[in-house]
Amino acid sequence: MLANAIDGQAFIDLKILVVIALCLLFSPYIAKFLRLPIAATEIILGALIASSGFIGKSENFELLADVGFYYLMFIAGMEINLRTFFNMEKDLVKKSVFYLVLLYLLSSLIVWAFDLSVVFVIIIPVMSVGLLSLLFRDFGKECYWLNAAMIVATLAEIISIVLLTVVGAFLHEDTGIIDVAQSLLYLHIFLALCLLGFKLLGVLFWWYPQLKVVLMPWEDKNEKDIRFCMAIFILIIIAMVLTKLEVVLGSFIAGSFIATFFDHKKDLEHKISSFGHGFLIPIFFIHIGSTFDLETLLDYMMLFKAFLLMFIMVSLRICCATVFLRKIGFRNMILFGLSHSMPLTLLIATAALGYSAKVINEELYSALILTALFEAILAMSAIKFISKY
């Protein structure tokens, strides 16, 4: 009767809201019971509910999911203080660069040897700091190998996002050589402006340190700090959309700028992330799950591809982590490699890019989502097991 009272699409949106509400409410308890990362749990719930036919296609749902993903990258950027890169010890810089170069070279070799799509040069080495940051709860902020892993993962994530932006410009439908050149020009201008902005803000806040407190007071009933962050977040999305660049790049850099110049607000990251992880980000994971066809689990070849890709990605990271063997020891080297084997969000984003550009088919897209889930579960469980012994 309710379906007759409102139009069909509005009824679908209403059911999706019900699904989101129930997932937000019960996913933490289900994740705890299954001992899975909550993001993986939300993807599984989205897939189960979508397979039941309860929810349909909705542009509003997709829009909310996109905002959730951008917000996730914004929070990931807030984990990074750009000053740490300028103050890195030289030995760590050399080892980090060598680690990443070796990872991309071996990935390129595998892509060439097995005649895979070029997009796998981005997929295999992709990293994300999202799940990695959760390890600080178990190992603490003073854990050297984890701090080194975070720095390397941040560099790798920036590289991955830039490559996504460049490749996205080439793979986008109805894109000519002029459009690609324009996108690359905008990308260089954007990165140059970011570097210039970093220098200018550093000088400005050095001369007028009280300006930080004006923009983000220590105590404020009007929540000026949250309003300022949300304004920056929305404006950067507008700028990236207008220049046809990947919004994830702008969101990540915007978050890192706030973490760098407004580090006097110790509770800011907690306040920003609480809203995201409690509302927007779960919508992104539920939507990803809803795009996954559970019937593909009956395809043994697809499962084989997922496990093979997971094996390759984890093995390559542990192999490349031998660069840090003398510095952190064998046990921590294994943990270092495993900590980089949880690129849940960016791996899914890269898979979505390749699928939308028709570079990879639906079967491989499903295999990549499965790989992301398997890696998150396996790596997190293996890290907790090894750390206990």
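A: Happy to! One term to start with: a residue counts as buried when its relative accessible area is under 20%. Also keep in mind that this is a predicted model.

Q: Okay, so is phenylalanine 284 buried or exposed?

A: Phenylalanine 284 has a relative accessible area of 7%, so this residue is buried. Phenylalanine 285 is buried as well, with 6%.

Q: How are the rings of phenylalanine 284 and phenylalanine 285 arranged?

A: Their centres are 5.2 Å apart and their planes meet at 55°, so the pair is tilted.

Q: How many aromatic pairs does the count come to?

A: The count comes to 17 aromatic pairs. One of them joins phenylalanine 69 and tyrosine 70, a tilted pair with 6.4 Å from centre to centre and 45° between the planes. Phenylalanine 69 is buried, at 8% relative accessible area.

Q: And which residues form an aromatic cluster?

A: Tyr71, Phe74, Phe233, Phe275 and Phe279 form one.

Q: Switching to helices: at what angle do α12 and α14 pack?

A: At about 60°, with their axes 11 Å apart. The crossing is right-handed. On the α12 side, Asp225, Ile226, Cys229 and Met230 make the contact, and α14 brings Leu268, Lys271 and Ile272.

Q: What kinds of residues are in that contact of α12 with α14?

A: There are 5 nonpolar and 2 charged residues, and no polar ones.

Q: Last one: where does serine 96 lie?

A: Serine 96 is in helix α6, which covers residues 90-113. Its relative accessibility is 0%, so serine 96 counts as buried. Leaving out residues up to four places away in sequence, serine 96 touches Met88, Val152, Leu155 and Phe324.

Key:
Residues are numbered from 1 along each chain as its sequence is written. This is a predicted model: local features need pLDDT of at least 70, side-chain atom pairs count only at pLDDT 80 or more; totals for chains, interfaces and linings use all residues. Side-chain values use heavy atoms; hydrogens and water are left out. Helices (H or I, at least four residues) and strands (E, at least two) are DSSP runs, numbered from the N terminus. Buried means under 20% relative accessible area, exposed over 50%, partly exposed in between (1.4 Å probe, protein chains only). Contact means heavy atoms within 4.5 Å. Axes are lines fitted to C-alpha atoms, for helices over the stretch in contact, and angles run from 0 to 180 degrees between N-to-C directions. A crossing is left-handed if the near helix is turned anticlockwise from the far one by less than a right angle, and right-handed if clockwise. Ala, Val, Leu, Ile, Met, Phe, Trp, Tyr, Cys and Pro count as nonpolar, Asp, Glu, Lys and Arg as charged, and the others, Gly among them, as polar. Rings of Phe, Tyr and Trp (its six-membered ring) pair if their centres lie within 6.5 Å; planes under 30 degrees apart count as stacked, over 60 as edge-to-face and the rest as tilted.
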